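Here's a quick look at how this chain is put together. Have the viewer open while you read.

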Amino acid sequence: MGGSEMTVLARKPGIRSHGRPATIATYVVLSVAALMATLPFFFLLVTALTHTYVEQVNISAIAHPTLANFRDILTQTAFGRWLLNSFIVATATTVIVLFVDSLAGYAFAKKKFAGRDVLFFTLLATQMIPIPVTILPLFLLATRLGLIDSYYALILPTMAIQIGVFMMRQFIK
């Protein structure tokens, strides 16, 4: 066989390829869906670049963009501190969750102990408890422990996450 020969794949009888109208219709539907998906970002941009404090923003305001909203949030608020707080809480939570969930996942995957399966399924069952149900008890607990207005009140409740333990167990097993 020489290098200049080409192989042609024949279609099976009875199988039709989609015609041009179907392809065009597919692209039209996908284009409309893409436009609808980007509209919220467009409105976010228009609102951010418009110096206004009203609920409805006129789309024509994008013709005169301003960075006044960004200036105001950086000069009139403690935005830098808020950003630092978010970074501290997110970093501490991530590191602690990875550590604790890895240890728990390893124990559930590799160690044999009495009640292991019951404890693991109980842990998984707690995922069915909606988070809003736990907010008030967590707040009351943080109040009794004197943790209100501290990083600990944000970090400690998220030290071990059920789905994290489950994922680590499945990965290690």
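Among contacts (heavy atoms within 4.5 Å) in the protein chain between residues at least 6 apart in sequence, 52% link residues at least 24 apart. Keep in mind that the model is predicted: local features need pLDDT of at least 70, side-chain atom pairs count only at pLDDT 80 or more, and totals for chains, interfaces and linings use all residues. Residues are numbered from 1 along each chain as its sequence is written, and side-chain values use heavy atoms, leaving out hydrogens and water.

The protein chain has seven helices and zero strands (DSSP runs, H or I of at least four residues for helices and E of at least two for strands, numbered from the N terminus). Along the sequence that reads α-α-α-α-α-α-α.

| Property of the protein chain | Value |
|---|---|
| Buried share (under 20% relative accessible area, 1.4 Å probe, protein chains only) | 12% of 173 residues |
| Accessible surface (Shrake-Rupley, 1.4 Å probe) | about 14,200 Å² |
| Part of that surface on carbon and sulfur atoms | 71% |

H3 (residues 79-110) packs on H4 (residues 116-125) at about 135°, with their axes 10 Å apart; axes are lines fitted to C-alpha atoms over the stretch in contact, and angles run from 0 to 180 degrees between N-to-C directions.

Which residues in H3 and H4 meet? Ala107, Phe108 and Ala109 in H3 touch Arg116, Leu119, Phe120 and Leu123 in H4.

Methods. Buried means under 20% relative accessible area, exposed over 50%, partly exposed in between (1.4 Å probe, protein chains only).
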